Amino acid sequence: MAAPPDCSLIATDLDGTLLRGDDTLSDRSLAALALAARAGARHLVVTGRPAPRVRPILDDLGAAGLAVCGQGAQVYDAGADRLLWSVTLDRELAETALGKIEAEVGELYAAVDQDGVDGLTLIEPGYLMPHPTLPAVRVERRDDLWVRPISKVLLRHPHLTDDELAATARSAVGSLATVTMSGPGTVELQPCGVTKATGLALAAEHLGLEPGRTVAFGDMPNDIPMFDWAAHGVAMANAHPELKAVADEVTTSNEDDGVAVVLERLFGGAEPYVPPHVLPRPRSGRVPR
């Protein structure tokens, strides 16, 4: 399916998609998003990260609008620093789900994202954060994970691959929770029925925007519902094979500004991108903006 020529909404995942491996945004990506904004398109971050871990990225983007966080469990208003909508994962159901998975695969290591704009990421002994740049608080016992409402549980297994763990978890938990795989070392349990698509649909409705004019970018299986909702899904070159299989097109990798490559094509970036440090200088010696 071709991208809509009148695209009014751009939905981007963060890790492995818009962000480079060092958690930074390239100048080219920022310039391409600015190009789209000048053409009247809105940009929505749609990420597995909880709202408190998204705020610094939104600051870098200069975004003061909405963001979909926590795999769709949160719609966050950056300008007001509040959640317009959130749904939590029942903690008793989460404990039960963990028990069912461990009965199949042996001991797991778990972490949780607490609900709220100031929620913490708590990790039990043995759990290693897949993104070492993201802050987390280590607790002494698993019971300590359940002290406050949570939006999701993150799982790791000492030996199974992410695909193996996700497949077993889906079979074990049934309707207790939605199981997603959102990145290397990141298998998650979230409220049943909640996906990136549910959060994106709520945010788009709030903004008066439609799926038929939406282009979505992602890299992992948790982006599949978002691709199903949007008119056009773009997978990164580094994407998981499951996402590539349902994508409308595959762009270059996140390290090679794959989001920008598509946005420049859609919104008329006819001139090839030139990095700022090699822009020709005018006689005044100032680099043009």
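I began with helix α4 (residues 91-105), which lies across β6 (109-114), β9 (150-156) and β11 and runs at about 15 degrees to β9. A reminder to myself before going on: this is a predicted model.

Next I looked up the sheet behind those strands. It is an open sheet of six strands with mixed pairing, in the order β8-β7-β6-β9-β11-β10. I noted β8 (137-138) and β10 (178-183) as its edge strands, each pairing on one side only. I then followed β10 to its partner: five bridges link β10 to β11 (residues 186-190), and the pairing is antiparallel. Within that pair I found valine 179 bridged to leucine 189 in β11. Helix α5 (residues 162-173) also belongs on this page, as it lies across β9, β10 and β11, at about 165 degrees to β10.

**The eight-stranded sheet**

I turned to the other sheet and wrote down its order. Eight strands make up this open sheet, β5-β4-β3-β2-β1-β12-β13-β14, and the pairing is mixed. β5 (82-86) and β14 (249-250) stand at the edges with a single partner strand each, so one side of each has no neighbour in the sheet. Helix α6 (residues 196-207) packs on this sheet and touches β1, β2, β3 (66-69), β4 (74-77) and β5, with its direction at about 165 degrees to that of β3.

I checked one pairing in more detail. β1 (residues 9-12) and β2 (residues 42-46) run parallel and are joined by four bridges. Here threonine 12 stands opposite valine 45 in β2. I also traced helix α9 (residues 258-266) across β1, β12, β13 (232-235) and β14, where it runs at about 160 degrees to β12.

Is aspartate 15 buried or exposed? I found it in helix α1 (residues 14-18). Its relative accessibility is 14%, so aspartate 15 counts as buried, the cut-off being under 20%. Its side chain makes a polar contact of 2.6 Å with the side chain of arginine 49. Leaving out residues up to four places away in sequence, I listed Asp23, Arg49, His131 and Asp219 as what aspartate 15 touches.

Where does aspartate 223 sit? I placed it in the loop between β12 (214-218) and α7 (224-229). Aspartate 223 counts as buried because its relative accessibility is 0%. Beyond its neighbours within four places in sequence, I noted contacts of aspartate 223 with Asp13, Lys196, Gly218 and Leu243.

Definitions and conventions. Residues numbered from 1 in each chain as written. Predicted model: local features only at pLDDT ≥ 70, side-chain atom pairs only at ≥ 80, totals over all residues. Heavy atoms only, no water. Helix = DSSP H or I, 4+ residues; strand = E, 2+ residues; numbered from the N terminus. Buried < 20%, exposed > 50% of the residue type's maximum accessible area, 1.4 Å probe, protein only. Polar contact = N/O pair within 3.5 Å; in protein donor to acceptor, adjacent residues only side chain to side chain. Contact = heavy atoms within 4.5 Å. Pairing = 2+ DSSP bridges. Axes fitted to C-alpha atoms, helices over the stretch in contact; angles between N-to-C directions.
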